Structure formats: C-alpha cells, structure tokens
Amino acid sequence: MSDVTTPTGMPATTPAFPVVFETLIVRQAGGVLFVEIASPPMNLLGPELVRDLVSLIQHAEADDAVRVLVFQSADPDYFISHVDLRRVTEYRAEAAKLTGEASIALLFRYLSASRLVTIAQIEGRVRAAGSEFILACDMRFAARESAIFCQFEPAFGQLPGGGAAQHLTRLMGRGRALEVMLSAEDYDADLAERYGWINRALPGNALSEFVRSLAHRIARFPAAGSEAVKDRVNAIALASVEDFRRDSDLFGEEVRAPDTQRLIATALKRGFQTRAAELDLAHLLGELTTPGPS
C-alpha cells in the first residue's frame, strides 16, 4: 500500500483492504485504516472476530505505510458487546496465533504496545471484553447520545480477564475503578468521560469528522515521533505482561467455576447474548441473584 493524495491534498481512499475478513470491513485512506466491526447479530467477541483482529494487526504492522487504525462499528447499537461465553476456548485459541498464548488479555496488550496508533470511535454498547478492547486502544472517543460502557464480569463472580482492572485503575483511580467493576452498571458517555474511561464524549454528528481529522493529522507526522511517545508512555502507564497474564488466568479459572456456570446458564435463559435483551443488560444482571437484606 502507498499514500495517495487528491488534488485537495487530502489522502485518497482505497476502496478495499487487500485482505478479506469475515467480521471486519477495512478501507485505507492514506496512512489510516478505518476498520468497521461487523459481526452480527450483536458484535460478540467470538473466534471469528478474534481471528480477523489477529490477521488485521499482522498485516497492518507489516506495512510501513499504515500508521493509524480507527475502529468503528457497523452496528449502531453495539460496538463490541462482550465475549461469546459459549466459545471461550475457541476465541482464546485464535488469540494464541499472534501472542503464542491463549489469552485475549495478551492480544489486547500486544495492540497497546504496537507501533500502530489505535483510536476507538464508539457508538453503541461496549461492555466487558468490548470495554477492554477499547481500553487497549491508544485513544477513545464516544458519541454522547448512544455510547454505553459496562464492565460486568463481577456480576458472574469473575475478575475481568482482558485487562480492565489494570487499565481502569490507572485511568480512574481506585475508588471509581471499584465502583465501575463491582456495580456492573451501564455508564453513559458523559460519565465515562468524567471518570476517564474515554478521552472525550462528542455529539454523534461531530464524532466521525473529529476522529477522521485527528487520525490523518497523526498519520502525517513522522513515524519515529509517535513510536517514541508510545514507548515511553507505555513504560509509565501500561501494566506488565505478567499482570495481564495473571488476570487472564484468573478469568479462565473462574469462568469454569460451578457458581459462575450456574449464573451464566441463568442469564442465557433470560436472554443474555441476545440482541434485544442486552439493550438493557444492566437490568438483566441486577435480577440474576435474589437480593439480600438491605
């Protein structure tokens, strides 16, 4: 791939990326790849999406012309909903093709450490591993009217396994990170911005242009600058591989625990992992167990 410019000086758009994906729609504009996540019915993070993300990262890193990745969703209601809890072993095996270990936590950390600059443009719901994916991106911008954030794993008796505890504590501080994870509640974009979950909340009609302009601006500057900055910022703010591995291992152990399996089975019977029920997932999670005395 090579940068091509129009008479106005703006990068020209390449209609299609030279790799066909099952769950991603990719187009190139200059040094920027715009990546739409399209995995019906609700953008669950399953083996197909993980396989495509691995392939995308490999091809983008191998091409020096690619500088910035912008992740968007083709679904207005769901950015990435969460992992497919019926296919944990399968999606972990796909992640291992990049990192050598069966762990999406290490896949996400790999993305954070990559020379590529990554931006999440968030519209719709982003929960659990979806939240951990955007946290792995270098920057996050969300539509004020539609973006919803949640880190719900503790509702099933689990630690988030993809890096949320590492990222959220550094971004929000201890108290807010505990609130977000232990409540398993939905948070709108304005509160997510105030807490530090995202860089900014913007009006939906201004989001795409803002992100597009920022991505091209970054891509025009020398690669050495962005790579050096990422390396030093990561040295301060990105948790170690060992910390990510530990969280991933704990998730893997806890997801097999009998109590967790019972809660997952109950949630599935009530509509968990279906598009309609998860529009109000916080309500479904709140009714998973009988409330104790007040």
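The model is predicted. Its protein chain has a mean pLDDT of 93, and 93% of the residues reach 70 or more. Residues 1-13 stay under 50 in pLDDT.

**Confidence**

- For residues 1-13, where pLDDT stays under 50, the model has 29 contacts beyond four places in sequence.
- Across the protein chain, the mean pLDDT is 93.

**Largest cavity**

- The structure holds 2 cavities of 30 Å³ or more.
- The largest cavity contains about 140 Å³ of space.
- Its lining is made up of 17 residues, and those closest to the centre are Val83, Tyr91, Ala129, Glu153 and Phe251.
- Two or more lining residues come from each of α2 (88-99), α4 (129-136) and α10 (241-255).
- By class, this lining comprises 9 nonpolar, 5 polar and 3 charged residues.

**Second largest cavity**

- About 30 Å³ of space lies in the second largest cavity.
- The residues lining the second largest cavity are Leu53, Ile57, Phe71, Leu107, Phe108, Leu111 and Phe133.
- Helices α1 (47-62) and α3 (104-113) each provide at least two of the lining residues, and α3 has the largest share with 3 residues.
- The lining of the second largest cavity has 7 nonpolar residues, no polar and no charged.

**Largest pocket**

- The largest pocket holds about 490 Å³ of space.
- It is lined by 24 residues, and Cys137, Asp138, Met139, Val233 and Asn234 lie nearest its centre.
- The elements giving two or more residues to this lining are α4, β8 (139-143), α5 (164-172) and α9 (223-237).
- Among the contributing elements, α9 gives the most, with 7 residues.
- The pocket lining divides into 13 nonpolar, 6 polar and 5 charged residues.

**Nonpolar cores**

- The largest nonpolar core has 72 residues, and the members that touch the most others are Leu45, Phe79, Ile122, Phe133 and Phe149.
- Helix α1 gives the most to this core, with 7 residues.
- Another core, of 17 residues, lies apart from the largest one and includes Ala29, Val32, Phe34 and Leu202.
- Phe133 belongs to the largest core and also lines the second largest cavity.
- Beyond its neighbours within four places in sequence, leucine 45 is in contact with Val50, Leu53, Ile80, His82, Val83, Asp84, Tyr91, Ile104, Phe108 and Ala129.
- Of these contacts of leucine 45, Val83, Tyr91 and Ala129 are also among the residues closest to the centre of the largest cavity.

**Glycine 162**

- Glycine 162 sits in the loop between β9 (148-150) and α5.
- Glycine 162 counts as buried because its relative accessibility is 2%, and the cut-off for buried is under 20%.
- Leaving aside neighbours within four places in sequence, glycine 162 is in contact with Ala105, Phe108, Glu132 and Phe244.
- Glycine 162 and alanine 128 are 34 residues apart in sequence, and their C-alpha atoms are 8.3 Å apart in space.

Note on methods. Residues numbered from 1 in each chain as written. Predicted model: local features only at pLDDT ≥ 70, side-chain atom pairs only at ≥ 80, totals over all residues. Heavy atoms only, no water. 1 Å grid on protein atoms, 1.4 Å probe; cavity = no way out; pocket = protein on both sides within 12 Å on 5 of 7 lines; lining within 4 Å. Points joined across faces, edges and corners; volume = space filled by probe spheres on them. Helix = DSSP H or I, 4+ residues; strand = E, 2+ residues; numbered from the N terminus. Nonpolar A, V, L, I, M, F, W, Y, C, P; charged D, E, K, R; others polar. Core = buried A, V, L, I, M, F, W, Y, C linked by side-chain atoms within 4.5 Å. Buried < 20%, exposed > 50% of the residue type's maximum accessible area, 1.4 Å probe, protein only. Contact = heavy atoms within 4.5 Å. pLDDT = per-residue confidence, 0-100.
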